[in-house]
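Good morning, and thank you for coming. Please look at the structure on the screen while I go through it.

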Amino acid sequence: MAYDEGLAERIRERLGVDPGVTEKHMFGGIAFLYRGNMAVGVTGDDLMVRVGPDATDAALARPGARIFDMTGRPMRGWVVVEGTAVAEDDALGAWIDEGHAFAATLPPK
């Protein structure tokens, strides 16, 4: 599955040159990891965000968000956001910041 390279580039621009951020191809798209833990990614035209189990319900209440489920087993703590819901830089930035903040709470891998 191809992924939206334009969305990936917008994520790169937002994350800047943080030495803790790396990229890895996974889930048929690309993931952005902070200290080895996935923060956000792109699958198809959509944004994947790791928000953590405690923030899942609040994240799902936001426009365009749905539970992350690629295998028939929903993953609590992860959401997928429709690409149209992150067309504006402010909306995308808020999701990136949330994913990055959660990844920063995890021990480095």
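I shall speak about a helix, its tryptophan, the nonpolar cores and, finally, a hairpin and a loop.

This is a predicted model, in which local features need pLDDT of at least 70 and side-chain atom pairs count only at pLDDT 80 or more, while totals for chains, interfaces and linings use all residues. Residues are numbered from 1 along each chain as its sequence is written, and side-chain values use heavy atoms, with hydrogens and water left out.

Let me begin with helix α3, residues 89–104. Helices (H or I, at least four residues) and strands (E, at least two) are DSSP runs, numbered from the N terminus. The expected span of a helix is 1.5 Å times one less than its number of residues. For the 16 residues of α3 that gives 22 Å, and the end C-alpha atoms are 22 Å apart, so the two agree. Among the buried residues of α3 are Leu92, Trp95, Ile96 and Phe102; buried means under 20% relative accessible area, exposed over 50%, and partly exposed in between, with a 1.4 Å probe and protein chains only.

Tryptophan 95 lies in this helix and counts as buried because its relative accessibility is 3%. What sits over its ring? The charged end of arginine 62 does, 3.5 Å from the ring centre. The rule here asks for NZ of Lys or CZ of Arg within 6 Å of the ring centre and within 35 degrees of the ring normal. Leaving out residues up to four places away in sequence, tryptophan 95 also touches, among others, Val40, Leu47, Ala59 and Val86; contact means heavy atoms within 4.5 Å.

We turn to the cores. A nonpolar core is a set of buried Ala, Val, Leu, Ile, Met, Phe, Trp, Tyr and Cys residues joined through side-chain atoms within 4.5 Å. The largest has 23 residues, of which Ile11, Leu47, Val49, Val81 and Trp95 touch the most other members. Elements giving two or more residues to this core include α1 (5–15), β4 (46–50) and α3. Apart from it lies another core of seven residues, among them Met48 and Trp78.

Next, the hairpin. Strands β5 (residues 65–68) and β6 (residues 75–81) run antiparallel, joined by four bridges; two strands pair if DSSP finds at least two bridges between them. Six residues lie between β5 and β6, and glycine 72 in the turn has a positive phi of about 90°.

Finally, arginine 35 lies in the loop between β2 and β3. Arginine 35 has a positive phi of about 50°, although it is not a glycine.
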